[in-house]
Structures are given as C-alpha cells and as structure tokens.
Amino acid sequence: MPYANVNGQRLYYEDTGGSGPAIVFSHGLLLDGTMFSAQLAALRDRYRCIVWDERGHGKTATDTLPSFSYYDSANDLAALLSFLDIDSAILVGVSQGAFLGMRCALTHPERVRALVLIATQAGVDDQTTLAGYRALFDAWIVGKLPEQIATTVEHIIFGPGWPGASAWKERWRGMSAANLSACFDTLVRRDDISDKISSIHVPTLIIHGDADAAIPVARAQAMKEAIRGAELIVIAGAHSVNMTNPGPVNAAINDFLERHHLVS
C-alpha cells in the first residue's frame, strides 16, 4: 500500500499516475479518499488523479490522534505534493477537504493551480449548530453509533435514501473514539477565513448541493463574491453531492478545467 511519511504523518494515498496535470482530491469529515471514485473514473484518462486519507480517517487513521488544525492538514497536503514530485496541483475538496484546500491556497499559494470547492464555506458554524453536532458526536461515542445517530449522520452527509449509505455506516462503526474526538474538535475550532480568501487568485469553482443540510447555499454564494473570478454552480443534491449526483459534478469540473486551459 502506498504511504507517504511526511510532515510527521504516515499518509495513505492512491495515485493514478500519467503525464496529465495533477488533481489532488481531499475528502470530507467521516469519509475517505474512496468518496471520489466517480470523479477518478471520469477524469483519470486526462489527469493524474491523487486521493489521500487525511488525519484520523481511512487508512491514515492511527490508534491515537493529537490535536491538529486544518492548517496542519494543509501542510500535510503540501508535503504530499513534494513527496510525489508535484510542483503544483489542482485541488478538489469536499467540505473538510475544501477547508484544508483553501488554507493550502493561503499558506502555500505556489502549490495551487486551481481550486474546486464542493459543499463548503469560509466561515464557521453558529453556536446552535455546533451544540447540535457536539450532542451528536457525544451520543455516537457513548452508544457506539446507535442506528438512530447513524441515520441522522447519513441524512446530513448524503441526504435520505442514498443506496450507498449503508456501507459507510458500517465504516463509521469502525472509527475509534480518539479519531472521532480529535477530528470533531478540529472542525469546531477552525478559524473564520472569510476575510482572507480574497487573496486567493487562482481559478476557483464552487459547487454546492441545493439540498445541503450541513452548509447553506448562501455560504457558497459568499465565497463566490469574496474570491475574484470565482464561479458557483448549484446542483441538485445533498452535502456530498459529488457522490450522490456525480454526473453533473463531473461535467462541471471537466468544463471548468477545460475553459481555464488546465488540461495540460
């Protein structure tokens, strides 16, 4: 299995290889690199596609997880690029993956050719939302993910009725309390970068599901207005819209990359 020992981490990654421009896909909270299988299938013929498992997730997860920030994750991504001898890449991130992607663009601008920000925001959640998430995670850990909590999380991430959800619920039951707690703390402690993203000057595509229960579409619109030249496309679907409605998402990404001459 391919691991990169970088930035004090042992990061699991997969690399399609090839001579095309590099795209690095960063996943959302409670997910892993496999959430991008539909995007890899659509783009790997013309791009070098790389997915990786972030701290506390997938095959990168360890028995213990010290406190970290999304800036640490951004540094992980930059170090992974160096490990793979990639000078700069197109960054595609969903939710948490876009939190770290934007921070990578702010702290390592030379490593970023373009951004695709899916189901995300530059701001932070209000206190009522955070309290609800805290209660949800506490009930998860105490009850070892009872079915009612699993279904609630499913609806937040995928919306109701998505056929692939049951497999993810099984994976969630295998996540350790240490990883859950550390990753949740990173989520709630993140800083508001709404006043910083205007300094991002690479082509940026923002994609948002019209039924996203985690982040309102208005937050996507705010990012579009803050990042010069950014484009916003709203697609039918819930939070992880790249999984539940991949066709329009793939088409939007492909069109964006072609129009900005990022195919070569």
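This is a predicted model: local features need pLDDT of at least 70, side-chain atom pairs count only at pLDDT 80 or more; totals for chains, interfaces and linings use all residues.
Me: How many helices and strands does the protein chain have?
Reply: The protein chain has 10 helices and 8 strands.

Me: What does the radius of gyration say about the protein chain?
Reply: The radius is taken over C-alpha atoms, and the globule rule is 2.2 Å times the number of residues to the power 0.38. For 264 residues, a compact globule would have a radius near 18 Å. The protein chain has 17 Å, which agrees. Its C-alpha trace spans about 50 × 40 × 35 Å along the principal axes.

Me: What share of the contacts joins residues 24 or more positions apart?
Reply: Contact means heavy atoms within 4.5 Å. Take the contacts with a separation of 6 or more: residues 24 or more positions apart account for 77% of them.

Me: How many side chains are positive and how many negative?
Reply: Lys and Arg count as positive and Asp and Glu as negative; His and the chain ends are not counted. The place of a charge is NZ of Lys, CZ of Arg, CG of Asp or CD of Glu. The protein chain has 21 positive and 28 negative side chains. The centres of the two sets lie 2 Å apart.

Me: Back to strands. Which way do β5 and β6 pair, parallel or antiparallel?
Reply: Two strands pair if DSSP finds at least two bridges between them. Strand β5 (residues 89-94) pairs with β6 in the parallel sense, over 6 bridges. Leu91 stands opposite Leu115 in β6. Val94 stands opposite Ile118 in β6.

Me: Which strands pair with β3?
Reply: β4 (residues 48-52) runs parallel to β3, joined by 5 bridges. β5 pairs with β3 in the parallel sense over 4 bridges. Ala22 stands opposite Arg48 in β4, and Val24 stands opposite Leu91 in β5.

Me: Which residues lie on each face of β3 and β5?
Reply: In β3, Ala22, Val24 and Ser26 are on one side, with Ile23 and Phe25 on the other, and all are buried. In β5, Ala89, Leu91 and Gly93 point one way and Ile90, Val92 and Val94 the other way, and all are buried.

Me: Why call β6 largely enclosed?
Reply: Because 6 of the 7 residues of β6 (residues 112-118) are buried, the rest of the structure largely encloses it.

Me: Which residues have a positive phi without being glycine?
Reply: Ala119 is one of them, with a phi of about 55°. Lys144 also has a positive phi of about 55° and is not a glycine. Ala119 is in the loop between β6 and α4 (127-143). Lys144 is in the loop between α4 and α5 (147-158).

Me: Are those two residues buried or exposed?
Reply: Ala119 is buried, at 0% relative accessible area. Lys144 is exposed, at 69% relative accessibility.

Me: Where is Gly20, and what does it touch?
Reply: Gly20 is in the loop between β2 (9-15) and β3 (22-26). Gly20 counts as partly exposed, at 21% relative accessibility. Leaving out residues up to four places away in sequence, Gly20 touches Arg46, Tyr47 and Arg48.

Note on methods. Residues are numbered from 1 along each chain as its sequence is written. Side-chain values use heavy atoms; hydrogens and water are left out. Helices (H or I, at least four residues) and strands (E, at least two) are DSSP runs, numbered from the N terminus. Buried means under 20% relative accessible area, exposed over 50%, partly exposed in between (1.4 Å probe, protein chains only).
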